[in-house]
Every structure is written in structure tokens, then in C-alpha cells.
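Subject: Structure for your review

Dear colleague,

Please find the structure below, followed by an account of what was found in it.

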Amino acid sequence: MPPPETPSATSSHMMKTTKRGRPFLKDTLDLFATLIVSLQLTTNRQYFRSFPNSFTTDDAARNLASLKFSQSNRGPDPREPSRIVTTTTTTTFSMTRDMAKAMCQQFMDARLIENAADPGSNLFKERGVYVLTPKGLHVLERFMSKNGINGDHLAHVFSSQPICMKLLHLERRSVDDEIIVSHSAITALFRRFVGRQPNYPPEHMETLDAFQKYHERSKGVALMDITEKGVGKSAVTHKHCFAAVTALEWLCDFTSVIGREEAAEMAAQFVRFGLITLVSDKRKNNDSAIIFTVRGAAGGANSSISQHGEFRCTAKAIYRVTDEGRRLARWDMPDGARPSPNSSAANVSNNARASEDHSVDNTTSEGPNSSDAKIHRRISMTEKLNASYDAAEKKGQKESNTDRLKFIMEEPQLRALFREFLRSNFCEENLSFYLDVQDFKKSFSTTSSAIAANPPPARAGQKATPGQLAMERHHEALIQKAFVIYNTYLAPSSQSELNIDHGLRNELSAYLSEVIQSLTGKTFQGHVDLEQANQFNATQLQTMIRLYERIQTHVFRLMATDSVPKFIKTPRFLALKVKLVEEDDGPLADFPLMNSSASTPSVPPGLASGEEEVGGAYVTISQRAAVQERAAGGEHR
């Protein structure tokens, strides 16, 4: 079979840099993920110790010296829409060893990688061994899913190391990549920073494994109580304190900030907003001190916002959460009594004024009342589950269950519970088919590959690009996947045969019979073997997808009308619903949630084109981390 027409384009991408001298965040994350995909993470030794799933300085420098990222996209031929064509674009990165090391330093600053032998080190060394951090794995998963990358060679990495479940992204200005400081952004960041409840580490912290320790850290910055003894005075105990260095590390590990400098600026904003305050800094006189200061207009008479805030980045500096910080965090409110995201933090938000922040020659603007005016309101968990918003009232109960099912599909814990419910009612195949087809459709559209200096040799008589070779392998895998779906759910007497409309089944059977007859001259027997499947081309696969989509619609409607109304009355669903609603009213309720496979919005959530850039935040969720959590039987992070 002749290969499908594959136009190829090559572009060389020059990374933009900020006035601080670092690449823009998106370029940093994309280059990091491209590098990791191109590497073979193996076991390396240093200081008589072995480090699995690691790479060396030499590995990174060698691959970055000549790194090619190829992406192939399928779509209809403009000249003949019924025909599928593949377009391959190759982006080449090329840099010297010194430049490659400087780029890897950026990866370390962003907490995407760390020194395997010395995790506390902040320097990328000439002779070092490095591993991915939980944040790095989250970014990598998102990149691979978004670009259709086969990550079989990285499966052991994802399965053996902790992954950041929820990564908070702060929106940035498109011109200079600086974080857009607004009340909504600081509120979202602070609530994530301090957690739903004060996070005092357990006494047995040192006995926990890596996954358990990371789970404890993810709850919020580690707090402690500090007792100070004054001269001639009784001792004073400060509650909810934390070390300055601990705060910087937490912000770098669980949010999109890049480096301690940017983290310190965000911490200085916490000080300026009156959310934290300095308790003590017992450094010696000859110890150096780095102090970050931000400035802006003060709030109104009842506001906690000051004209400036400073944060001391010293080893001895201790800060505590203020009463205003406690109120904003909603620590003292009982579960179920938390206000809606849009009514919270009135004391600060109602007095937010135009301000200008200066930190390390950085200017960030905050518009009047920007906290609520243009920030996207995410429909709450409660509203989604109860289907009580306007659409349900207008469209009736049928559409209400459709909305419920869509949300069940998006929420990992609900989807897992729904699968158990369907299994107990002997119709799990409906959900399995729906999700398998979703995955198949996504894989059909895009595939990407990343290789370093030694690309695979071209086939005889053919000058194939790495992207074309990857697309050919991808096409073979897609064919197998398409017919695994058919043989599992749709073939007569298959192991998980769907109960679908006879007309749809007959239409699919007639199409396969026609194609197999034309390709092999043999009569279609109801099942498709591998030899027959491998002769299908992209256009024929596209037709199968269209038929699968129609069956998907039928199955979705069946689950929405028959299974969902029963599922939402079960005790296990009601118990999980209470748990999720309580979490939704916690620190993550003020910004949209996105799956880790979703791409970063080209326009920040809630902002229409042409509007002034207003800071906000959104969270991406790692599906692999959710699988890890379910497998471990742990509580929701």
C-alpha cells in the first residue's frame, strides 16, 4: 500500500527571552519535555550510588546540541476532502554545550529536574546525574498527551515516582512573560499555598515513603509553632509559622513560578496583602540577606493591602500566617459552611485599587476591582452534580443527566465509581467503549516524536523524516487499536459486545465487508484479523471513526438516560459527592480545572480577545497521578 501523501515543513524556532534573561515559560516547558522524550532514562552511578530513571550532564548536552521535534497532523485534503493527508512539521533546536547547560539550569530553577545525589543543590553541574521532579513529570505528561507522543519508554518512570497531582498555573503577560499580579491571582495562590487546613507535618514524617512524603507536602506549606523568650518577659508562642526557604521551595514545586526569585516576589505580595508577616530573622550580622520588595497603591480604610511588602530570603527568616491570612484561607469555617468562591475575600477585594509593583526592576499592574470583574467563574462542583444551573432548568431533566454524565467523565474519582456501578449492573462495556473511542480519536489526529543527534536510518530508496517514520509506526498502531475496539465491542459474540441499534451495527458491518472484499477479495466473516486490518489506509480509518462516533452518541445517551439517574441515588455516590463538594469549596474553587492533557489556553480563562490582560490562575490535573492514588488507595490529594 503506498504511503499517504505527507507534506513536510521545517522551521527553526528562536526562543524569546525576558528582561531577566530567561526564556519564556512556555518555551522552557516545551524544550524540557522535548529533551526528556528524546532521552533514554537509565540507571547512572555517582558517589558509589545508583540512580534509576536518570540522565547525565553529557546526555542532556549531547541531545540539546541537535534536537528535532517532529509533529504530524492528519486532516482532510483541501483539494479532495474525502481523502486524508498528513502534514509533518519539524522544529530543530541547536545549541552549544555551555548554552545547553544554561538551559538545564533553567529547568532546575523551574523545579522540573533535580540533582539525584544532592536534591538540595540549585546548580546544574558539569558532572552530574539528574532525575525528574514530580512537577517535571506533570509537565511531561501534559506535553506528551497534548502532542500525541508515544511514551512507552517512559512508562516505568511515571509508575515508579511521585507525580504532582494538581499544578497551579499563574497567568502571564504575553509581552514579557511576567506573572500578572491581581487580587484573584494572589488569593488563588495563597489558598493553595496554605491549604484547606493548617498543614503541620506528622511526627513520623521521616518513616514515610517518597509517595507519602510528597502527599503530605502537597497539602500546603509545612507549618510549625515558634516560642520566643523575651528579656524579662514571658514567652510568646506564634502559631502557623514557616521558614522563608520552605515557602520558596513549596511555591517552586507546586506552582508554575520559575525560580526562587519569582517565588520570593509572590511571597512579598503575600506580605503586601497582609496575609503573612515576619516573626524573626536571627541571622548573624555578617550573613548576607536577599530582600525582595514589591510596591503598589494601598487599599482603602478597611483593607489589609499596604503600599509595599518585603520578603527576606534568608536561612533564619520565619514568617507566620496573619489573622487576615487565616480569614482568606477560610481555615476557621466548618466544612459545608464555606462561602461561594465569588463572595469570598471581600475585605481585600473590595478595596483593591490600581497599583504598580516594582521588584527586581519588574513592573506589574493591577486594575481597579480586577479581582472579580473579568475572572472566569467556574461552575461549582455542587452545581454540576445537582444540575441546578440555568441550563438544566431550561432544557429539562434529560439534559440535566447529560450534564451530570459529562462531569462524571471528567472527574477521575466519579468516573472510577461510575465504572464500578456499571460493572455491578453488567453494562461496564458502555463506558469502556466510550472512553476507548475518545482515546482513539485523539490518537488519530496528532502524533509527535523527539530525537537527538542520531536519527534512525531512512528506509531503502526513501528519504523519510523522523516525523514520517513515527507517523508510519503510529498508523500501524492505530489500525490495531481500531480493530481491537471492533473485535472487543462490536463483532458478533465479542467478549464485551454492546447492545446497540441494529441499523448502526448493520451499517458498520456492511462498510467493513465492502472494504475487506475490495482489499483482499475475501468475504467478511464478522471478525477482522491483523493481516486484513493492516491494509486499511487513513481515509478508511476516518470513516470507521465516524461510524464509531455515531455508536458513541447512542451509548452516551443510553448511559445518561438509564444509568446516571440510578447511579446518583447510590450511597457511595452521595458520600463521594459530599467529599468532592467540600474540596471544591476549598482553596482550588476559585479557578478553572483542566486535565493535564489539555493545552494551556491561548486566551486565559474568562478573558475574551481584545480585553486587557487580567491575572488569574488555573489548575491542571495529572491523570497518571490520579491512577497512582487510586492504586495506593490513598485519599484525594
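A salt bridge is counted here when a side-chain nitrogen of Lys or Arg lies within 4 Å of a carboxyl oxygen of Asp or Glu. This is a predicted model, in which local features need pLDDT of at least 70 and side-chain atom pairs count only at pLDDT 80 or more, while totals for chains, interfaces and linings use all residues. Residues are numbered from 1 along each chain as its sequence is written, and side-chain values use heavy atoms, with hydrogens and water left out.

Salt bridges

The structure contains 33 salt bridges. One of them joins the side chains of Lys-213 and Glu-206, with 3.9 Å from N to O. For accessibility, buried means under 20% relative accessible area, exposed means over 50%, and partly exposed is what lies in between (1.4 Å probe, protein chains only). Lys-213 is partly exposed because its relative accessibility is 28%, whereas Glu-206, at 68%, counts as exposed.

A salt bridge also links Glu-310 and Arg-312, at 3.8 Å from N to O; Glu-310 is partly exposed, with 31% relative accessibility. In another, Glu-428 meets Arg-419 at 3.1 Å, again N to O, and Arg-419 is partly exposed at 23%. Through shared partners, salt bridges connect Asp-58, Arg-97, Lys-101, Glu-126 and Arg-127 into one network.

Nonpolar cores

A nonpolar core is a set of buried Ala, Val, Leu, Ile, Met, Phe, Trp, Tyr and Cys residues joined through side-chain atoms within 4.5 Å. The largest one has 92 residues, and those with the most contacts inside it are Phe-190, Phe-193 and Phe-311. Its largest share, 8 residues, is supplied by helix 1 (residues 25-38). Helices (H or I, at least four residues) and strands (E, at least two) are DSSP runs, numbered from the N terminus.

With contact taken as heavy atoms within 4.5 Å, and leaving aside residues up to four places away in sequence, the residues that Phe-311 touches include Ala-244, Leu-248, Val-271, Ile-290, Phe-292 and Tyr-319. Another core, of 52 residues, lies apart from the largest one, and Cys-427, Phe-440, Ala-491 and Tyr-511 are among its members.

Aromatic residues

Rings of Phe, Tyr and Trp (its six-membered ring) are paired if their centres lie within 6.5 Å; planes under 30 degrees apart count as stacked, over 60 as edge-to-face and the rest as tilted. A search of the whole structure gives 20 aromatic pairs. Phe-242 and Tyr-319 make a stacked pair, with 6.4 Å between the centres and 20° between the planes. This pair links distant parts of the chain, as Phe-242 belongs to strand 10 (residues 236-243) and Tyr-319 to strand 14 (residues 317-321), 77 residues apart. Both Phe-242 and Tyr-319 are buried. They also belong to one aromatic cluster, together with Phe-190, Phe-193, Tyr-214, Trp-250, Phe-254, Phe-270 and Phe-311.

A charge is said to sit over a ring if NZ of Lys or CZ of Arg is within 6 Å of the ring centre and within 35 degrees of the ring normal. Arg-624 lies over the face of Phe-158 in this way, at 4.1 Å from the ring centre.

Helix 6 (residues 183-194) has 12 residues and spans 16 Å from its first C-alpha to its last, close to the 16 Å expected; the expected span is 1.5 Å times one less than the number of residues. Helix 6 is largely enclosed by the rest of the structure, because 12 of its 12 residues are buried. Among them are His-183, Arg-191 and Arg-192, along with Phe-190 and Phe-193. Gly-195 follows helix 6 and has a positive phi, near 85°.

Helix 3 (residues 97-109), with 13 residues, reaches 18 Å, close to the expected 18 Å. Its buried residues are Ala-100, Met-103, Cys-104, Gln-105, Gln-106, Phe-107 and Met-108. The elements covering them include helix 1, helix 2 (57-65), strand 6 (113-115) and strand 7 (129-132). After helix 3 comes Arg-111, whose phi is positive, near 60°.

Two individual residues

Glu-249 is in helix 8 (residues 244-254) and is partly exposed, with a relative accessible area of 35%. Beyond residues up to four places away in sequence, Glu-249 touches Arg-217 and Arg-260. Gln-540 is located in helix 21 (residues 538-567) and is buried, at 15%. With the sequence neighbours up to four places away not counted, Gln-540 touches Tyr-511, Val-515, Leu-519 and Gln-535.

With kind regards
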